[in-house]
Amino acid sequence: MLPKRWLTTLAGRIAGAEKGARTTRLIRWFVGRYAVDMSEAENPDIASYNSFNAFFTRPLKAGARPITSADFACPVDGAISQLGAINDHRILQAKGHSFTTAELLGGDSALAETFRNGSFANLYLSPRDYHRLHMPCDGRLVSMTYVPGSLFSVNPTTARGVPNLFARNERVICLFVSPDHGPFVMVLVGATIVGSMATVWHGVVRPKPANKITQWTYADQKITLAKGEEMGRFLLGSTVVMLFRPDTIAFSADWAAERLVRLGETMGHRPGS
């Protein structure tokens, strides 16, 4: 019932504003409210950030997140919402709720077919988490698609209560091809209070008009990113959904719903490796 779009616009303006002492007070309150560990930040000085966005997307200090040598690395700090096998075309959101790959991918049935009976992982980033996203494996960028949608919250409670949540919210679909693992998708899902989403090759994704699906292709640009390299960021918390082809990834045995995860830890291996 809340005016989610209006709240998100207002939050984005506040987060981007450079307000000196007022901004420092807001950041200090946020750090205390969500128990943010500033000792991991490249710059731990709260007073030095000139906007809330600058604080929220702060880089980590060197060595804070070692990258595994396994085939697939966790791309974020956060928590596992759900993961596992794609059942034909259906992805589990929460008990009693699922959505299809085509719905998630903005109606692209041809791309959805690539991931039929494949694997998925939904990773939720809470307000306290590091909010840059990194690559789970090496990949060459093929395309990026913006899909307009709602801005429901994506916290675990909402995921259990709102049908088709991740396929209804605004999202940015990034398609990569790995030299070792083939095509995979990273879907950045927007949410209430998320000011915007950004990628390292494009910047903040703000297509015009904002109510239409918009696609960018990169076949002629040869944009490649290595495992562990930054690929994007959320300006306030949200969720990333990853899709892999069949027989591409065997998730780590200790990965399960609601488990906390950290950037760089082992997410999985190629089956048989």
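Ring pairs link W29, F30, Y34, Y49, F52, F55 and F56 into a cluster. I begin there, colleagues, and shall then turn to the strands and the cores. The structure before you is a predicted model, in which local features need pLDDT of at least 70, side-chain atom pairs count only at pLDDT 80 or more, and totals for chains, interfaces and linings use all residues. Residues are numbered from 1 along each chain as its sequence is written, and side-chain values use heavy atoms, with hydrogens and water left out.

First, the rings. Rings of Phe, Tyr and Trp (its six-membered ring) pair if their centres lie within 6.5 Å; planes under 30 degrees apart count as stacked, over 60 as edge-to-face and the rest as tilted. By that rule, the structure holds 14 aromatic pairs. In one of them, the centres of the W29 and Y34 rings are 6.4 Å apart and the planes stand at 85°, so this pair is edge-to-face. Another edge-to-face pair is formed by Y49 and F55, at 6.0 Å centre to centre and with 75° between the planes.

How covered are these residues? Buried means under 20% relative accessible area, exposed over 50%, and partly exposed in between (1.4 Å probe, protein chains only). F55 is buried at 0% relative accessibility, and Y49 is buried at 9%. Y34, by contrast, is partly exposed, because its relative accessibility is 28%. Y34 also has a charged neighbour: the charged end of R33 sits over its ring, 4.9 Å from the centre. The criterion is NZ of Lys or CZ of Arg within 6 Å of the ring centre and within 35 degrees of the ring normal.

Next, the strands. Strands (E, at least two residues) are DSSP runs, numbered from the N terminus, and two strands pair if DSSP finds at least two bridges between them. Strand β9, residues 182-189, has eight of its eight residues buried. Which strands pair with β9? Three residues lie between β8 and β9, which form a hairpin. Strand β15 (residues 239-244) is also antiparallel to β9, over six bridges, and here V187 has V241 of β15 as its bridge partner.

A further strand, β18 (residues 266-269), pairs antiparallel with β1 (residues 72-73) over two bridges; F72 is partnered by G268. Two bridges also join β18 to the antiparallel strand β16 (residues 250-251), where A250 stands opposite H269.

Is S143 buried or exposed? S143 is buried, because its relative accessible area is 9%. Its contacts (heavy atoms within 4.5 Å) include C174, L175, W216 and Y218, leaving aside residues up to four places away in sequence.

Finally, the cores. A nonpolar core is a set of buried Ala, Val, Leu, Ile, Met, Phe, Trp, Tyr and Cys residues joined through side-chain atoms within 4.5 Å. The largest has 36 residues, of which F176, W201, M231 and W255 touch the most other members. Among the elements giving two or more residues to this core are β7, β8, β9 and β15. W201 touches residues including L141, M144, F176 and M231, again not counting those up to four places away in sequence. A second, separate core of 21 residues includes F99, L105, A112 and F115.

Notes
Helices (H or I, at least four residues) and strands (E, at least two) are DSSP runs, numbered from the N terminus.
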